Amino acid sequence: MRRLHLRTGIRWKITIAVAAVGALTAVALSLVVHSAARVSMLESARDVQLDRVQFISRNAEAGRKPPMGAKLNDPDLPAQLREKARSGRRGTYVQESATGAAPEVWAAVPLENGQVLSLHTQFRESANMVRDLDQALVVGSLAVVVGGSALGVLIGGQISRRLRKAATAAQRVAHGDPEVRVRDAVGGVVRDETDDLARAVDAMADALQQRLEAERRVTADIAHELRTPVTGLLTAAELLPPGRPTELVRDRAQAMRVLVEDVLEVARLDSASERAELQDVALGEFVSRRVTALMPEASVRVVADEIVSTDPRRLERILGNLLANAARYGRPPVQVDVEGRVVRIRDHGPGFPEALLREGPSRFRTGSTDRAGVGHGLGLTIAEGQARVLGARLTFRNVAAPGGFDREGRAAGAVAVLWLPEHAPTATGSFPVVKPQQ
């Protein structure tokens, strides 16, 4: 069964936690105070009632008539208190009302003639005091909950803000900005676990950067060192006598040379030192001429032409790699659409592999079980790297057939979309600051 995931911010989690703790504390204290106050008032009322009935009993024994409210042998006297008085002891009794009214406080004392003198009054004034106290406790509890919630919003907001800053800085690091430091982005005077997390992310980013740089240098050095022997191998292959073995040697040597050049290009792109040489070109006309030269059988449709500032050499490299990928792994016809600053290249093959759609292009991974003679998985990696230099975005998706995907999950075509930016990168690789129009 699919589990339901509820996403909430840490600010509201802290606020709810503080409000819940405040509410529980306020309710517990209110119950304790209410109970203690009621018991204290009842005990005080019982003492007062007992003193009054004792005073009246002395007057009754002196022959005076009991005042109104005091009765001799009252039939309504609770049985428990009556038995206690007949045994020669004085006492009090609190009789709760079944209708929810104020309870009655009874007091009784035995007289010398064997009669029982009793007095009872309602706990009305004290009950009103308890009711007022309850209202004050409710108001105080609400104030505690509201104040605790406000405090939770402030504390949770600060923590949430710091975590969002850390997440934003971490995303910039993940997108290849080595100058960003999460700890500096978090800022703040108070040191807490967020700073420990930021320092750990910075340390991890530095370690990964050093590792990637070391791998890039090793790859570049190996590819650079291979250029000379590969060039010599090609030269020697040209001197071989004509024949099928010579053609095989030349073909494999040429493939090795292309591989070495691609690896060097990937290493340069990974170093983030490449800069675009910008020119203004009519995108529709440019794509039409390049596609005609690279793949004459492909169809080009210019929906809307637009002048863009880009690097023609890098743009041609992207188009060439995307068309080569369509020709190698897809099926004809190959369609190229230009709409403003967007270029779409679609084939009608089985589509991109799921790993590429999920993780993006990866070097030396083609998605094919047969690696012989079908490439090295560098074409899309180079295209994505060149698009990054241009400040563009390269996306990949599959097109479903009219009846949907087949039983094996294969599509009815693969689509690569190049989104050229509205503001191209400058010669230094950064993006110009565009002031908003007034």
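Predicted model: local features only at pLDDT ≥ 70, side-chain atom pairs only at ≥ 80, totals over all residues.
1. Which residues make the contact between α8 and α10? From α8 come Arg 314, Arg 317, Ile 318, Asn 321, Leu 322 and Asn 325. From α10 come Gly 379, Leu 380, Ile 382, Ala 383, Gln 386, Ala 387 and Val 389. As a general point, an α-helix has 3.6 residues a turn, so residues three or four places apart point the same way.

2. Helix α10 (residues 379–389) is largely enclosed by the rest of the structure, because eight of its eleven residues are buried. The buried residues are Leu 380, Thr 381, Ile 382, Ala 383, Gly 385, Gln 386, Ala 387 and Val 389. Just after the helix, Gly 391 takes a positive phi of about 75°.

3. The count of aromatic pairs comes to one. Phe 352 and Phe 396 form this pair, which is edge-to-face, with 5.3 Å from centre to centre and 80° between the planes. The pair links distant parts of the chain, 44 residues apart: Phe 352 is in the loop between β9 (342–346) and α9 (354–359), and Phe 396 is in strand β10 (residues 393–398). Are these two residues buried or exposed? Both Phe 352 and Phe 396 are buried.

4. A charged side chain also meets a ring: Arg 393 lies over the face of Trp 419, at 5.0 Å from the ring centre.

How values were computed. Residues numbered from 1 in each chain as written. Heavy atoms only, no water. Phe/Tyr/Trp six-rings, centres within 6.5 Å; stacked < 30°, edge-to-face > 60°. Helix = DSSP H or I, 4+ residues; strand = E, 2+ residues; numbered from the N terminus. Buried < 20%, exposed > 50% of the residue type's maximum accessible area, 1.4 Å probe, protein only. Lys NZ or Arg CZ within 6 Å of the ring centre and 35° of its normal. Contact = heavy atoms within 4.5 Å.
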